[in-house]
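Here is a friendly look at some side-chain pairings and a helix packing. Have the model open as you read.

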Amino acid sequence: MQYRRLGRSGLQLSELSLGSWVTYHNQVDTAAAKEMLAAAFDAGVNFFDNAEVYAGGESERVMGEAIRSLRWPRLNYVISTKLYWGLDDGSASQVNRRNTLNRKYLLHAIDGSLQRLGLDFVDLVYCHRPDPLTPIEETVWAMS
């Protein structure tokens, strides 16, 4: 496996990553996810991608359970997730609950992702979409 540095972060990521978009939970249970993660890791993949919105948050839960069962040292892999869409079911006001990158939402959303993944930290957090209603400075400051 070839690895590349992520900017000036010091992180070295495998050129290939294993993501969980529509598969984890909807098509792949924790046992199958564990097998997939182990096979990728054995091939040198150290970068695993997710997003809060995948399968309504269940994808993060499945990935977290599978990784915990593999008992890998935390420094041996890189986890990313993406924020923006939210997990609100639509029954309440949508303000600050979905389709935003404002500070209030981001702080709430990362806590939810960490809880579902069962981790103390993620290595990378992406903005899943731009938010034209939130000043970029607010988003950058919140993510720092």
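Glu-58 is partly exposed at 25% relative accessibility (buried is under 20% relative accessible area, exposed over 50%, partly exposed in between, with a 1.4 Å probe and protein chains only). Arg-61, at 27%, is partly exposed too, and so is Glu-65 at 29%.

These residues, Glu-58, Arg-61 and Glu-65, are linked in a network of salt bridges (a side-chain nitrogen of Lys or Arg within 4 Å of a carboxyl oxygen of Asp or Glu). The closest N and O atoms of Arg-61 and Glu-58 are 2.5 Å apart, and for Arg-61 and Glu-65 the N to O value is 2.8 Å. Arg-61 and Glu-58 both sit in helix H2 (residues 58-70), three residues apart, about one turn of the helix; Arg-61 and Glu-65 are four residues apart there. Helices (H or I, at least four residues) and strands (E, at least two) are DSSP runs numbered from the N terminus.

## About the model

This is a predicted model, where local features need pLDDT of at least 70 and side-chain atom pairs pLDDT 80 or more, while totals for chains, interfaces and linings use all residues. Residues are numbered from 1 along each chain as its sequence is written, and side-chain values use heavy atoms, leaving out hydrogens and water.

## A buried pair between strands

The whole structure has six salt bridges. One of them joins Lys-82 to Asp-49, with closest N and O atoms 2.6 Å apart. Lys-82 belongs to strand S5 (residues 78-83) and Asp-49 to strand S4 (residues 47-49), so the pair ties together parts 33 residues apart in sequence. Lys-82 is buried at 10% relative accessible area, and Asp-49 is buried at 14%.
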